[in-house]
Amino acid sequence: MAAWSVHGEVGAQGLAPLHALGPSDADLYKCVHCGLCLSACPTYLETGLETESPRGRIALMKAVREGKVGYTGRVVSHLELCLQCRACEAACPSGVPFGRLMEHTRAQVKEQRPGSLLRRIALRAVFRGLLPHQGRLYALGGLLRLYQRSPLYWLMRRLPGRLGRLQEQLPPFPKRFFRPQAGAFNPPGEARARVALLSGCVMPILHGPTMEAAVRVLARNGCQVVTPLGQGCCGALNLHGGDREQAQAMARRNIDAFLETGVEAVVVVSAGCGAAMKEYPHLLQDDPAYAEKARRFSAMVVDVSEFLATLPLAEPSRSMDMRVTYQDACHLAHAQRVTRQPRDLLRRIPGVTLVEMEDASLCCGAAGLYMALQPVMSRQLMARKAKAILKTGAEVVVSGNPGCMVQMQAGLRAAGSAVRVAHLVDLLEEAYGE
Ligand code: SF4
Ligand code: SF4
């Protein structure tokens with residue numbers, strides 16, 4: 001007799017009962033092995049190996065599901081080299097939800113093969129000890145900022161080998177961090193919309209001035225902006241790392257904090273966070289207290305470029321006179337399918353010449369914690385991205401995700417380039433002459 005799984009599908013005959021955390025059969029058996037996704041996959045393009053392709057990874061997931069293989073070290077290494085960029089999902093004509101498949105697989109791997117003690121401690125410290133606690137993140141950011149301005153940092157950067165390289169990867173910490181505030185930021189005239197802005201975890205620390213620019217650009221376009229104090233990290237990094245339980249707790253906290261504000265939209269300047277928050281309904285589908293709230297909340301989530309594109313945009317007055325190229329953040333292009341709006345908005349800035357780079361939607365290798373956990377592949381992909389950026393002759397590369405911005409800053413520095421990395425709202429604010 002077939003058994004109902006936690007996902008509500010009937011398990012195929014002869015298969016072991018579905019694991020509570022694993023991918024559902026409906027998702028897993030959707031793939032028809034056509035291979036049309038292969039040319040979109042960054043790790044396949046770099047290695048040429050089927051095991052490092054979406055189709056190969058799905059075959060491994062199926063083999064585990066059918067009991068033909070366990071989560072051996074080799075199997076896990078192929079699964080972990082995946083960037084979770086979801087380029088395969090966007091390319092797949094059969095609608096295979098690869099992001100969801102990999103999130104569930106990672107949760108299962110985390111439980112069944114959690115890795116060395118050191119790795120478990122480090123990941124737990126990040127997932128449970130740091131990301132859910134904004135105060136600790138600000139404190140750590142403050143310490144790293146002090147370190148970065150000290151002679152010790154200068155010395156450490158000159159060390160040979162991995163330690164010296166690590167210093168180079170440390171992103172520059174700005175003078176100001178962004179902090180959510182009570183009250184509202186009002187537009188100059190009458191407000192035409194009331195929106196909330198997600199602050200997030202690393203964005204307000206690494207890109208505080210960009211967050212401030214987002215508030216001012218929204219206000220300039222007639223929005224009253226609130227930044228609820230109860231909000232926190234969206235949980236995307238936990239989810240991608242297999243910590244679903246903590247990701248669910250973080251989702252509930254944000255849903256409560258934002259629904260309470262009564263705003264029309266929750267605007268996000270970080271693509272990874274926007275994608276995760278739009279998918280809260282799946283994350284909380286088995287939670288009777290939050291399933292409906294998650295649907296209501298996710299319908300309000302919108303990337304800042306999507307939102308601005310719906311407004312009669314206040315015309316930027318200042319001519320910028322610059323050549324700009326645009327890097328599609330994976331979770332904006334592939335997960336949220338937002339590609340046109342940021343480009344259209346850039347074209348609206350007087351003096352900006354938008355030049356497309358080769359493979360603009362190919363991952364830059366940042367992918368959240370991937371740049372720390374898979375440094376070799378991450379660097380390879382960034383080297384490819386740096387070449388594509390430099391070939392355009394652009395002075396500025398724009399992207400809508402903090403991880404991509406940090407990765408491109410480090411990668412372009414390593415390539416000896418002074419190309420500036422910016423967010424769309426940075427350029428818009430400058431064009432408004434703020
Ligand atoms: S998510 Fe990205 S890296 Fe992973 S299999 Fe799909 S295209 Fe390849
Ligand atoms: S994931 Fe989609 S595109 Fe890729 S092999 Fe399977 S069905 Fe084909």
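1. Start with one strand pair. Strands S6 and S7 are joined by 3 bridges and run parallel. Within that pair, arginine 323 has threonine 353 of S7 as its bridge partner. Two strands are said to pair if DSSP finds at least two bridges between them. Helices (H or I, at least four residues) and strands (E, at least two) are DSSP runs, numbered from the N terminus.

2. On provenance: this is a predicted model, in which local features need pLDDT of at least 70 and side-chain atom pairs count only at pLDDT 80 or more, while totals for chains, interfaces and linings use all residues. Residues are numbered from 1 along each chain as its sequence is written, and chains are lettered from A and ligands numbered from 1 in the order in which they are written.

3. The parallel sheet. S6 and S7 belong to an open sheet of 4 strands, ordered S7-S6-S8-S9, with parallel pairing. Strand S7 (352–354) and strand S9 (420–422) are the edges; each has a single partner strand, so one side of each lacks a neighbour in the sheet. From one strand to the next, the twist averages 30 degrees. Strand S6 (residues 322–326) also pairs with strand S8 (residues 396–398), parallel, over 3 bridges. There, tyrosine 326 is bridged to valine 398 in S8. Helix H20 (residues 340–347) packs on this sheet and touches S6, S7 and S8; its direction makes about 145 degrees with that of S7. Contact means C-beta atoms, placed from the backbone, within 7 Å. Axes are lines fitted to C-alpha atoms, for helices over the stretch in contact, and angles run from 0 to 180 degrees between N-to-C directions.

4. The mixed sheet. Another open sheet has 5 strands in the order S1-S3-S2-S4-S5, and its pairing is mixed. S1 and strand S5 (301–303) are its edge strands, each pairing on one side only. Strand S1 (residues 184–185) runs antiparallel to strand S3 (residues 223–226), with 2 bridges between them. Phenylalanine 185 is bridged to valine 225 in S3. Strand S2 (residues 193–197) is parallel to S3, over 4 bridges. Arginine 194 faces glutamine 224 of S3. Helix H15 (residues 271–278) lies across strand S4 (265–268) and S5, at about 155 degrees to S5.

5. A helix pair. Helix H14 (residues 244–259) packs with helix H17 (residues 291–300) at about 65 degrees, their axes 10 Å apart. The crossing of H14 over H17 is left-handed, that is, the near helix is turned anticlockwise from the far one by less than a right angle. H14 contributes Ala251, Ile255, Phe258 and Leu259, which meet Lys293, Ala294, Arg296 and Phe297 of H17. The contact of H14 with H17 has 6 nonpolar, no polar and 2 charged residues. Ala, Val, Leu, Ile, Met, Phe, Trp, Tyr, Cys and Pro count as nonpolar, Asp, Glu, Lys and Arg as charged, and the others, Gly among them, as polar.

6. Ligand 1. It has 14 residues around it, with Cys41, Pro54, Cys82, Cys85 and Cys88 closest. Helix H2 (42–47), H3 and helix H5 (87–91) each give two or more residues to this shell. The shell around ligand 1 holds 10 nonpolar, 2 polar and 2 charged residues. A residue is near a molecule if its C-beta atom, placed from the backbone, lies within 6 Å of it.

7. Ligand 2. Its shell also has 14 residues, and Cys31, Cys34, Cys37, Cys92 and Ser94 come nearest. Helix H3 (residues 54–65) gives the largest share of the shell around ligand 2, 3 residues. By class, the shell around ligand 2 has 10 nonpolar, 3 polar and 1 charged.

8. Overall form. The protein has 24 helices and 9 strands. Its radius of gyration is 22 Å, close to the 22 Å given by the globule rule for 434 residues, so the protein is as compact as a globular protein of that length. The radius is taken over C-alpha atoms, and the rule is 2.2 Å times the number of residues to the power 0.38. The C-alpha trace spans about 65 × 55 × 40 Å along its principal axes.

Key. Contact = placed C-beta atoms within 7 Å.
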